[in-house]
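Here is a set of questions and answers to be read alongside the sequence and the coordinates. Each answer works towards the name or value that was asked for.

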Amino acid sequence: MKTSELVKAVAMETGLTVSATEKAVNAVFSAIKKGVGAGGEVKIFKFGTFSVAELGEREGRDPRTGVSVVIPARRRCMYHQSITFKRELNGNGEEKG
């Protein structure tokens with residue numbers, strides 16, 4: 001699903017205009033980026049958690065030449081789905097308890 005399709009689906013679900021929905025969806029994405037970019041976690045209830053992982057510098061090889069190269073340290077966005085979402089995705093949405 002593309003962002004434009006997501007915006008249309010949310011607009012249909014909420015009854016909002018497409019332009020208002022697009023602003024809201026973009027604001028949500030922006031907030032997630034800012035939260036994760038600042039090194040924090042963004043937890044969305046019954047959906048999942050976005051966080052950042054620090055990957056250290058490491059040695060690798062150029063696959064074409066076989067020459068050893070240094071891969072610089074970097075940050076990576078991680079996503080871990082919630083147990084509720086995982087259950088819904090696998091067709092057993094009823095929770096125990």
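The model is predicted.

Q: Which loop holds Ala73, and is this residue buried or exposed?
A: Ala73 is found in the loop between strand S4 (68–71) and strand S5 (74–81). A residue counts as exposed when its relative accessible area is over 50%. With a relative accessible area of 53%, Ala73 is exposed.

Q: Which residues does Ala73 contact once its neighbours within four places in sequence are left aside?
A: Ala73 and Leu55 are 18 residues apart in sequence, yet their C-alpha atoms are 5.5 Å apart in space. A contact requires heavy atoms within 4.5 Å. With the neighbours within four places left aside, the residues in contact with Ala73 are Leu55, Gly56 and Glu57.

Q: How many helices and strands are there, and in what order do they run from the N terminus?
A: The protein has three helices and five strands. Read from the N terminus on, the order of these elements is α-α-β-β-β-β-β-α.

Q: What share of the 97 residues is buried?
A: Being buried requires a relative accessible area under 20%. The protein exposes about 7900 Å², of which carbon and sulfur atoms supply 56%. Of the 97 residues, the buried ones make up 15%.

Q: Is Ser51 buried or exposed, and what is its relative accessibility?
A: Ser51 lies in strand S2, which covers residues 48–55. Not counting residues up to four places away in sequence, Ser51 touches Val36, Gly40, Glu41, Arg76, Cys77 and Met78. Since buried means under 20% relative accessible area, Ser51 counts as buried, its relative accessibility being 11%.

Q: Which residue forms a salt bridge with Glu41?
A: Side chains of opposite charge can pair when their charged atoms come close. Glu41 counts as exposed at 52% relative accessibility, and Lys43 counts as exposed at 62%. The closest N and O atoms of the pair are 3.8 Å apart, and a salt bridge requires such atoms to be within 4 Å. The partner of Glu41 is therefore Lys43.

Q: Which strands hold Arg75 and Glu54, the two residues that meet in a salt bridge?
A: The side chains of Arg75 and Glu54 meet at 3.4 Å, N to O. This pair ties together parts that are 21 residues apart in sequence, because Arg75 lies in strand S5 and Glu54 in strand S2. Arg75 counts as partly exposed at 44% relative accessibility, whereas Glu54 is exposed at 58%. The strands asked for are S5 for Arg75 and S2 for Glu54.

Q: What is the phi angle of Lys46, and where does this residue lie?
A: Lys46 lies in the loop between strand S1 (42–44) and S2, where it counts as partly exposed at 43% relative accessibility. Although Lys46 is not a glycine, its phi is positive, at about 65°.

Conventions: Residues are numbered from 1 along each chain as its sequence is written. This is a predicted model: local features need pLDDT of at least 70, side-chain atom pairs count only at pLDDT 80 or more; totals for chains, interfaces and linings use all residues. Side-chain values use heavy atoms; hydrogens and water are left out. Helices (H or I, at least four residues) and strands (E, at least two) are DSSP runs, numbered from the N terminus. Buried means under 20% relative accessible area, exposed over 50%, partly exposed in between (1.4 Å probe, protein chains only). Accessible areas come from the Shrake-Rupley method with a 1.4 Å probe; for residues, only the protein chains shown count as cover.
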